[in-house]
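Trainee: I have a structure open and I'd like to learn how to read it, one feature at a time. Can you walk me through it?

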Amino acid sequence: MADEIVNVNEFQALARQALPKMYYDFYAGGAEDEHTLKKNVQEFQRIILLPRVLVDVSKIALSTNILGYTISAPIMIAPTSMHKLAHPEGELATARAAAACNTIMMLSFTASCSVEEVAASCDAVRFFQLYVCKRRDIAVNLVQRAEKSGYKAIVLTADRPRRGRKEADIKNKMILPQLKNLEGLMSIEVFSDKGSNIKPNANEIFDPSLCWRDIAWLKSITSLPILIKGILTREDAIKAMEVGAAGIIVSNHGARQLDYTPATISVLEEVVQAVGRRVPVLLDGGVRRGTDVFKALALGAQAVLVGRPVIYGLAAKGEAGVRKVMQMLKDELELTMALAGCPSVEDISRSHVRTDRDRLQ
Ligand code: FNR
C-alpha cells in the first residue's frame, strides 16, 4: 500500500510523477531566478507562533464570512489557469471539490472550462477572475456571462500588464491550448504553434494600458463587487480604496510575474494597516500549512487563497485530491488554533505571532 499522504507538500511529488514535464514545470515554475517563488514559502517560516495556554479549546470555530458568504474555513481556491492540463475533468473537478469543502472557488479567465460549464457543474460560491483584453468588449462579454451564471464577485488581476518570464516554459516550448472562455470571441490565429506561444499570446491579448481610472469603467459594466488582486504596497492599497474596490488580494501572482517582489506574507501587515478594516484583505502565495493560514490571519488577512497545492491535488487524484488538500489545510489550521489557544478565527490576533519586524523593535 502506498504511504499515506500526510501534508500538502507531498502532493507536489505526486503531481510531478503524474504530469508530463512541460505541464508540471508550467504549474510549478516562477519567474526568472525564482527568488520570490522560494521567498513566498520561506518568509512564512520566519514567523514564530506565540500560543496561549489554558484557554477552553474544546470547540474550534473555523467558519468565516467573505463578502457575505459563509465558508467552512478561511481557505479558498485561487484562480489558476488550465486545469485540464492537470486532469481531464479540469475545473469541473476543482469546482466540485470547492462545493464539497464549502469554500469559494475563483475561476480563472484562462480556465480550460467555460464560465457556464463550471457554473452548471456545482453550487460552490464562485468568483470570476478577469484579465482585461485590448478588446474591451471581451471583458464586457465575460463579466456579463459570469454575472448571469451566478458568480458573486469579479477578481481583477492587476499584476499582469505583460506576462512574466518563466524560463522553464521557454525551454519546454510550452504551448497553451485555446482559451475556452474566448471561444467564438477571438480569432484562434494568435495561438501560433511555433515554439513557446505563451508570451506572444498573452502580450497580444492583454491590455497593458489598463490603469486605475479604468476601474470606474469596470464598475459601470457590472453590479458585482470588484476585488483587486496583485497588491503589494501601501500606496496601491490606498488607491484600491479610492477607486472603491470591495476587497484586496495581496498577491505576487505566485511569483510568476516580477521576480524579486517581496514575499506576500512580508507585506501583508503594511497593506492591512493602509486598508484599516474598510474591506477584506486576502492573501495568497506560499500557503502550504495550517500554520501559514494562522500566521496570515494573525497579520490581518481575512482569508487566504491556495494556488499550486490545489493543482497538485488535482493532478494526483482529481476531485478527491483537491478535497484532500483543502481538508488537510483546514485540519492543520484547526489543530494550530487549538494549540495556540484560539477557539475561533476572531481570536487569532497580532499578539499570537512574532515577525522579524518585532525582533527589530
Ligand atoms: C496562477 N495564478 C493566476 N492568477 C490569476 O489571477 N489568474 C490566472 O489565470 C492565474 N494562473 C495561474 C496559473 C498557475 C499554474 C499558477 C501557479 C498561478 C496565480 C494564483 O492565482 C495565485 O496568486 C498563486 O498561485 C498563489 O501562490 P501559490 O499558492 O501557488 O504559492
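Trainee: Let's start with Tyr 131. Where is Tyr 131 found?

Mentor: This is a predicted model, so keep that in mind throughout. Tyr 131 sits in the loop between β6 (126-130) and α6 (136-148).

Trainee: Is Tyr 131 buried or exposed?

Mentor: The general idea is to count neighbours: a residue is buried if 20 or more other C-beta atoms lie within 10 Å of its own. Tyr 131 has 21 C-beta neighbours inside 10 Å, so Tyr 131 counts as buried. Leaving out residues up to four places away in sequence, Tyr 131 touches Phe 109, Thr 157, Arg 160 and Phe 206.

Trainee: Which residues does the UniProt annotation "binding site" cover?

Mentor: According to the UniProt record, an unreviewed entry, that annotation covers Tyr 131, His 253 and Arg 256. The "active site" annotation in the unreviewed UniProt entry covers His 253.

Trainee: Then tell me about His 253. What is His 253 in contact with?

Mentor: First, the place: His 253 lies in the loop between β9 (247-250) and α11 (264-275). His 253 is buried, because 23 other C-beta atoms lie within 10 Å. Setting aside neighbours within four places in sequence, His 253 is in contact with Asp 159, Arg 160 and Gly 230. Arg 160 is also one of the residues that Tyr 131 touches.

Trainee: What about the backbone there?

Mentor: Most residues other than glycine have a negative phi. His 253 has a positive phi of about 65 degrees, although His 253 is not a glycine. Leu 54 is another non-glycine with a positive phi, of about 55 degrees. Asn 102, which follows α4, has a positive phi too, near 50 degrees.

Trainee: Is Leu 54 buried or exposed?

Mentor: The cut-off for exposed is 12 or fewer neighbours. Leu 54 has 6 C-beta neighbours inside 10 Å, so Leu 54 counts as exposed. You'll find Leu 54 in the loop between β1 (48-49) and β2 (64-66).

Trainee: Back to the loop between β9 and α11. What does Gln 257 touch there?

Mentor: Gln 257 lies in that loop, between β9 and α11, and counts as buried because it has 22 C-beta neighbours inside 10 Å. Not counting residues up to four places away in sequence, Gln 257 touches Ala 31, Asp 159, Arg 160, Gly 164 and Asn 252. Asp 159 and Arg 160 are also in contact with His 253.

Trainee: Now helices. How do I describe two that pack together?

Mentor: Take α1 (residues 10-18) and α13: their axes come within 7 Å and cross at roughly 110 degrees. The two helices are therefore roughly perpendicular to each other. On the α1 side, the contact is made by Phe 11, Gln 12, Leu 14, Ala 15 and Ala 18. The α13 side supplies Pro 309, Tyr 312, Gly 313, Ala 315, Ala 316, Gly 321 and Val 325. By class, this contact has 9 nonpolar, 3 polar and no charged residues.

Trainee: And how do I read a nonpolar core?

Mentor: In soluble globular proteins, nonpolar side chains tend to be buried together. Here, the largest nonpolar core has 115 residues, and Leu 130, Ile 248, Val 271 and Val 304 touch the most other members. Helix α13 (residues 308-340) gives the most to this core, with 14 residues. For Val 304, contacts outside four places in sequence include Pro 74, Ile 75, Leu 282 and Ala 296.

Trainee: How many residues of helix α4 are buried?

Mentor: Helix α4 (residues 90-100) is mostly covered, with 9 of its 11 residues buried. Among them are Glu 91, Leu 92, Thr 94 and Arg 96. The cover over these buried residues includes β4 (75-77), β5 (105-107), α5 (115-121) and α13.

Trainee: One more: what is Tyr 23 in contact with?

Mentor: Tyr 23 is in helix α2 (residues 21-28). Tyr 23 is partly exposed, as 18 other C-beta atoms lie within 10 Å. Beyond neighbours within four places in sequence, Tyr 23 is in contact with Leu 85 and Ala 86.

Note on methods
Residues are numbered from 1 along each chain as its sequence is written. This is a predicted model: local features need pLDDT of at least 70, side-chain atom pairs count only at pLDDT 80 or more; totals for chains, interfaces and linings use all residues. A nonpolar core is a set of buried Ala, Val, Leu, Ile, Met, Phe, Trp, Tyr and Cys residues joined through C-beta atoms within 7 Å. Helices (H or I, at least four residues) and strands (E, at least two) are DSSP runs, numbered from the N terminus. Two residues are in contact if their C-beta atoms, placed from the backbone, lie within 7 Å. Axes are lines fitted to C-alpha atoms, for helices over the stretch in contact, and angles run from 0 to 180 degrees between N-to-C directions. Angles under 35 degrees count as roughly parallel, over 145 as roughly antiparallel, 65 to 115 as roughly perpendicular and the rest as oblique. Ala, Val, Leu, Ile, Met, Phe, Trp, Tyr, Cys and Pro count as nonpolar, Asp, Glu, Lys and Arg as charged, and the others, Gly among them, as polar. UniProt positions are given in the numbering used here, feature names are shortened, and annotations may be inferred rather than shown by experiment.
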